[in-house]
Amino acid sequence: MINGAKESGVPGSTEKSEDSGSDDGEIGASDSDEEHDSRTNVESITSRSTFSSHLEYKLSQGEVDNLFKRKWNYKWEVPALRAPNCKWRGTGDCFLKDIDMNEMCGLKPRLYKHWVDVYQGSGGTDFQSSEQRFFFSICNSYRDVLHHNKKPFYLKGQEDSSILDAYVLHTLNHVLRTRDLISKNDAKVADAQGQGGILNGDGFLDHGFTRPKVLILLPLASIAFWVVKRLIQLTPSKHKVNIEHMDRFTEEFGSGGVESEEEDEDVENSKRKKSSKPSDFQSLFGGNNNDHFMIGIKYMGRKIKLYADFYSSDIIVASPLGLITKIGAAEVEKEKDIDYLSSIEVLIIDHADVILMQNWSHVNTVVEQLNRLPVKQHGTDIMRIRPWYLDGQAQFYRQTIILGSHLNPDVNSLFNRHCLNYEGKVKLVCLYKGVLPKVLIPVRQIYERFEADSIADVDDARFQYFCKKVFPKIKDSIQGGIMLCISSYFEFVRLRNFLKSQEASFCLLGEYTKQSDISRGRVWFFQGQRKIMLYTERAHFYHRYKIRAIQKLIIYSLPERKEFYPEIVNMLEGSQNMSCTVLFSRFDQFRVRSFRACNEMKVSLENFLFLFSLKTKFIEIEI
């Protein structure tokens with residue numbers, strides 16, 4: 001910056017930038033001495049390297065062109081910590097082998113000390129070799145991360161806190177370092193202006209278009225409540241002397257009246273009413289199930305402000321639906337905009353497996369809206385914006401961390417096509433435990449393979465196979481109690497229209513079916529007044545109905561969540577002449593691999609995948 005810095009009037013001008021550190025100079029004051037004292041320390045030099053080197057790197061045009069090609073070459077593998085069936089694979093150089101676990105792992109000293117204290121206070125031992133220490137090192141590399149073997153709290157009854165703590169610490173470290181850098185540069189610019197000096201150099205280019213730097217996407221308000229509370233717990237005490245609007249946050253995001261004994265009793269009563277549901281259902285949906293929320297979090301020196309204006313926030317925690325609503329409103333009303341998404345440097349998508357049951361297309365839309373050039377200036381000092389923002393290269397500097405319990409083609413596509421971080425990628429590769437041993441009844445499971453030329457033709461090929469090979473047998477049979485289990489709502493609509501055209505006897509149980517129609521349909525199916533029932537995976541996810549009187553189960557498309565397969569098959573218990581037929585193609589490998597079992601199956605995984613690759617039409621499995 002040369003003489004234009006004075007003329008632009010920032011900082012110190014009457015128009016304050018939303019991204020300016022002048023409103024929270026206490027951050028710089030509280031940490032500057034600590035940072036200054038440790039500058040000669042090797043640990044401090046190492047701790048500053050990943051944050052600074054990542055944001056200060058200048059991409060060449062050739063590197064940008066290569067990133068647009070979206071060709072990723074995974075060169076190395078490292079065993080995952082305490083996960084013998086998993087390994088980390090990555091592009092570029094293997095940074096994990098060079099990590100010194102005894103260093104401060106890239107954290108600000110006060111933040112590191114507080115992390116260790118919290119870890120030891122919760123009964124943890126051997127911090128340097130812990131899972132959260134290892135995963136933080138992966139996050140701190142600023143590479144894109146895909147972790148699809150996370151242990152969700154609703155399956156185990158307790159959150160896998162190692163992953164949660166690691167990305168929360170990474171979020172805090174990024175935000176506090178950003179605010180500290182801006183505060184220090186504000187002070188230097190103010191001193192130079194007071195002395196009539198001229199400042200130049202890239203060291204003062206520390207701004208984005210807007211202030212928010214971290215976006216965390218979560219499916220439910222109850223999960224957001226958990227994450228934000230952990231964010232506050234892991235914040236050093238000096239930065240949370242005062243927490244604004246905590247009561248409002250607890251009321252709106254908590255399970256409702258956690259502080260009240262009477263409401264606690266109501267919660268317990270509601271849990272008793274849901275006792276017929278599986279334990280994972282009660283854990284996931286036992287709290288605040290709101291999936292339409294958005295909250296800004298601002299760090300202001302010694303206090304944290306919840307419900308901050310989005311343009312003055314450091315962290316935005318939102319559901320995909322909540323953001324989609326804002327995006328839609330900005331498209332309709334010109335006075336509204338979503339420029340607060342223009343400078344996101346860390347994107348975290350947690351519980352991706354639950355979001356898949358909502359609407360993954362919302363996530364794709366949100367990611368496509370990130371790091372675009374803003375519509376308005378929003379009071380930003382253009383003389384201090386990093387050059388790669390102005391060049392439209394922000395998407396290449398954004399780190400994306402995707403966390404879930406299983407892999408999915410949609411998640412894989414997002415990771416490969418929309419995550420273009422120049423640092424590279426790291427992903428977990430796992431061999432899943434099978435779920436076939438959880439089928440508790442002696443039922444024949446017949447896998448019928450249909451041919452499809454490409455993934456674009458799979459839906460049509462599946463439908464044609466059902467119409468020509470499966471439905472004629474159903475139509476000619478006098479047997480009732482046939483349930484068609486469908487993964488996708490679009491397949492559900494397609495089959496519904498087909499059965500209507502054939503004047504078939506059927507009832508519907510989908511995620512958008514009215515409750516009165518569901519109750520009526522279940523009675524008709526049980527009494528044999530309807531021959532066929534259409535049942536969707538999402539309806540099972542949100543309600544966990546136990547359907548009675550099923551004689552023949554046809555799984556039109558395998559469920560996304562592997563634990564649903566034995567649950568649905570076990571509904572055949574008590575039926576006579578029970579059978580289960582599964583339609584699959586070679587493009588269903590993601591789902592079929594997760595269903596395979598170990599020694600309990602007569603068909604081993606190797607033999608199953610061998611048959612999978614051939615032109616075999618039928619594979620029969622007996623438990």
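A disulfide is a pair of cysteine sulfur atoms within 2.5 Å. The structure holds one disulfide. This is a predicted model: local features need pLDDT of at least 70, side-chain atom pairs count only at pLDDT 80 or more, and totals for chains, interfaces and linings use all residues. Residues are numbered from 1 along each chain as its sequence is written, and side-chain values use heavy atoms, with hydrogens and water left out.

**The disulfide**
- Cysteine 86 is joined to cysteine 430, with S to S at 2.4 Å.
- The pair links distant parts of the chain, 344 residues apart. Cysteine 86 sits in strand S2 (residues 86–91) and cysteine 430 in strand S11 (residues 425–430). Strands (E, at least two residues) and helices (H or I, at least four) are DSSP runs, numbered from the N terminus.
- The torsion about the S-S bond of cysteine 86 and cysteine 430 is about 115°, so the disulfide is right-handed.
- Both cysteine 86 and cysteine 430 are buried. Buried means under 20% relative accessible area, exposed over 50%, partly exposed in between (1.4 Å probe, protein chains only).

**Other cysteines**
- Cysteine 419 is buried, at 1% relative accessible area.
- Cysteine 580 is in no disulfide. Its nearest cysteine sulfur belongs to cysteine 485, 9.2 Å away.
- Cysteine 580 has 0% relative accessibility, so it counts as buried.

**Helix H9**
- H9 covers residues 221–233. Its 13 residues should span 18 Å, and the end C-alpha atoms are 18 Å apart, which agrees. The expected span is 1.5 Å times one less than the number of residues.
- Ten of the 13 residues of H9 are buried, so the helix is largely enclosed by the rest of the structure.
- Among the buried residues of H9 are Phe225, Arg230 and Leu231.
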